[in-house]
There are 2 protein chains.
Amino acid sequence: MNTWRDHRILDLFGIEVPILQAPMAGASSHEMAIAVAKAGGLGSLPCALLNEAQVRSELAEIRAQVPAAPLSINFFCHRPPEPDLVQELQWRERLRSYYLELGLDPTGPHPSSSRNPFDAAMCALVEEFRPAVVSFHFGLPALDLLSRVKATGAKVISSATTVAEARWLEGHGVDAIVAQGSEAGGHRGIFLQEEITTQLGTFALVPQVVDAVSVPVIASGGITDARGIVAAIVLGACAVQIGTAYLYTPEAKLPKLPKLHRAALRSPLAETTALTNLFTGRPARGMVNRLMREVGPISTLAPSFPLAGGVLAPLRAAAEAAGSDDFMSLWAGQAAPLAKEMSAGPLTRLLAEQALEQFRSLGECIGSVSRPSAQCAVGDAPQSGSRHVHRGAS
Amino acid sequence: MNTWRDHRILDLFGIEVPILQAPMAGASSHEMAIAVAKAGGLGSLPCALLNEAQVRSELAEIRAQVPAAPLSINFFCHRPPEPDLVQELQWRERLRSYYLELGLDPTGPHPSSSRNPFDAAMCALVEEFRPAVVSFHFGLPALDLLSRVKATGAKVISSATTVAEARWLEGHGVDAIVAQGSEAGGHRGIFLQEEITTQLGTFALVPQVVDAVSVPVIASGGITDARGIVAAIVLGACAVQIGTAYLYTPEAKLPKLPKLHRAALRSPLAETTALTNLFTGRPARGMVNRLMREVGPISTLAPSFPLAGGVLAPLRAAAEAAGSDDFMSLWAGQAAPLAKEMSAGPLTRLLAEQALEQFRSLGECIGSVSRPSAQCAVGDAPQSGSRHVHRGAS
């Protein structure tokens, strides 16, 4: 029988395997959440790019197919920026030559960016649908909204990119913390400051967060295969959040992961990612494309989140129509090349099985203590690992 | 009896525990190498800041105390830059206000930087002393020098910061590869390109390098405690290289780790590091201090390695005399806060024992397969972990 030694996250969320499907706005869908839920993991529905009607529709699909499964609903909770005309004009000027190259009017209109923060209307949906987990990115919403979410019985989680953010989240009552290492694809959850040169890798972040807080820690960033799951648990996490690996599933085709993004994931481009603020105004990890190379992945000219994307939208659309990913965000984490092409359900099951198998293989020589072998790691008293057991049992 | 399952690096170098003390020019010393060697790890002597007479003297000390112990000697193998007057003037101009603030003449002389690449004279010392391992940083030396090193029977290792660098090193005949994740303190080993925004974290780099090459992989970057050692091995490494943890040992006081650097390591400064090229011209990870904050940690104005440090030297000296670390490199990795204050020998032994204990605890429930427990991870067939066993046994 295969079981997990640390049951804190399993018990907290009511799931069977300690794998959270990362909410990836624009790439995740109800199909992905359903598949992961059926495999015993925690499916997630990212709502940042959806309006109320769309959230309602996606949730209805999920509830119809997996009515009893725990589900995570994810929201951004940034403060919407004041429009800044000077900022916008500077950004337009920086992009002017690209507009001209693509035959576009550099002074023409552009769509506004559609990433909305969690608000009262979305909170009402949470109260109506009562998901097992509500996940936030960029900190937490205002106290009144947070209280309403917690009053539904939902477990609240959010991402920390530093030890200070983890402590802040614990102090504000989260039930678990996603320690998001710098390897992670997509938007950094960073919220207490803006400096990204000091962001920590998963290897350094996870154990420091585990030592700093008493709530369970979910590791994310660079975890794409079973080795990553086991290593994250060894570092003190009791679950993992996996994003990029699910971009390689057919469920990521729906509703709208662009064809060019999918093609890039399967090309050598996937070997080279960087943090960039060009596409939205906030730092996010994506494959390096022409815009990132030529402007530099981080620019002080990019307007505040999410406004940067508006001015880029006409460029992206024109280039995409011509088969070019030059101006499109190509989110991916640093371990993308380790991903496998398979459906989200079988992928979740395979990762869980392989991780358990690897745990077993790590201890498989224990039986040979009486006949020591040079190939085995055996010792006497448990140390760091034992803390999990104690915590898990408490 | 405690033993390690993967013996490739142990056998290759003739050591007892799979821990390499990172060569840290300016902080490591013969005392540190001797202590680590006595504990069964691989002690290292960094030679980048030493002249021939100093290398000879350090090696004599080590050989006197641990005559039979394997030792690693480390060299930089950068190409010395052509002096560039324009570059130097720009850098002086950028630093001019600091010179004035400290009462220094901004046009006055400054010492030349003393980091020397591996050359024929150092190669002759390798031929004379015949260390078990010769370790390079920034790639490999010219083929004729490399051939002479290999002809001594020394095992050759070097650092890779990308999968491409790992493949290149394997193609050029190294015996093992240090996969240096971006969490690592001190100089990045990066040598095939200069772009640091795409450098990989340990969690993403190690498994990708392991999959790409057939020589043994040594993980480095963010490994400060036993959890890190076990996680690195889980990710596919068969040994670890540890640097920052040894900065907290009394052996790091000798010969000249500055008092202010040691104080910073024990302060909240150690929680915040960034890659910077300001101090030498090449990217290296250090604690964020005033110069890094005010100039930005990466500047295109910093002259080529190692020339940037020359112009900074008078600033550093004047500030240091006044008790300030404003202009001093404060190398440290991202997991510095996990370090313990203890001597290098006991630290090496403790890390090894705790890692073995953690391996055991991971498998400690195997005996309960017949009575399954919710606290245990058990499975059927070994997966990734088993590859180590196969490789180790081959």
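Predicted model: local features only at pLDDT ≥ 70, side-chain atom pairs only at ≥ 80, totals over all residues.
As an example of the pairing, 3 bridges connect β1(B) with β9 (residues 239–242) of chain B, and the two run parallel. The bridge partner of Ile19(B) in β9(B) is Val240(B). Both sheets illustrate a general point: strands of a sheet pair through backbone hydrogen bonds, either parallel or antiparallel.

The helices come next. Two packed helices are described by the angle between their axes and the distance between the axes. In chain B, helix α2 (residues 30–38) and helix α3 (residues 52–65) have axes that come within 9 Å and cross at roughly 30°. Because angles under 35 degrees count as roughly parallel, α2(B) is roughly parallel to α3(B). The crossing of α2(B) past α3(B) is right-handed. On the α2(B) side, the contact involves His30(B), Ala33(B) and Ile34(B), which meet Glu58(B), Glu61(B), Ile62(B) and Gln65(B) of α3(B). Sorted by class, the contact of α2(B) with α3(B) contains 3 nonpolar, 2 polar and 2 charged residues.

Another helix pair in chain B is formed by α5 (residues 120–129) and α6 (residues 143–151), whose axes come within 9 Å and cross at roughly 10°. This angle makes α5(B) roughly parallel to α6(B). Helix α5(B) contributes Ala120(B), Cys123(B), Val126(B) and Glu127(B) to the contact, while α6(B) contributes Leu145(B), Arg148(B) and Val149(B). The residues of this contact of α5(B) with α6(B) divide into 5 nonpolar and 2 charged, with no polar residue.

Turning to chain A, helix α2 (residues 30–38) packs with helix α14 (residues 344–362) at an angle of about 35°, and their axes are 7 Å apart. Helix α2(A) passes α14(A) in a right-handed crossing. The residues that make this contact are Met32(A), Ala35(A), Val36(A) and Lys38(A) of α2(A), together with Ala344(A), Gly345(A) and Thr348(A) of α14(A). By class, the contact of α2(A) with α14(A) has 4 nonpolar, 2 polar and 1 charged residues.

Some details of the backbone also deserve a look. Most residues other than glycine have a negative phi, and most peptide bonds are trans. Against that background, Phe305(A) and Pro306(A) are joined by a cis peptide bond with omega about 0°. Pro306(A) belongs to the loop between α12 (290–295) and α13 (308–321) of chain A. In chain B, a cis peptide bond links Phe305(B) to Pro306(B), and omega there is about -5°. Pro306(B) is found in the loop between α12 (290–295) and α13 (308–321) of chain B. Arg130(A) sits in the loop between α5 (120–129) and β4 (133–137) of chain A.

For the complex, the predictor gives an ipTM of 0.92 and a pTM of 0.92. Chain A has a mean pLDDT of 91, with 91% of its residues at 70 or more. Over residues 365–394 of chain A, however, the pLDDT is below 50. Beyond near neighbours in sequence, this stretch of chain A has 73 contacts in the model.

Terms used
Residues numbered from 1 in each chain as written. Chains lettered and ligands numbered in written order. Axes fitted to C-alpha atoms, helices over the stretch in contact; angles between N-to-C directions. Helix = DSSP H or I, 4+ residues; strand = E, 2+ residues; numbered from the N terminus. Parallel < 35°, antiparallel > 145°, perpendicular 65-115°, else oblique. Left-handed = near helix turned anticlockwise from the far one by under 90°. Contact = placed C-beta atoms within 7 Å. Nonpolar A, V, L, I, M, F, W, Y, C, P; charged D, E, K, R; others polar. pLDDT = per-residue confidence, 0-100. Pairing = 2+ DSSP bridges.
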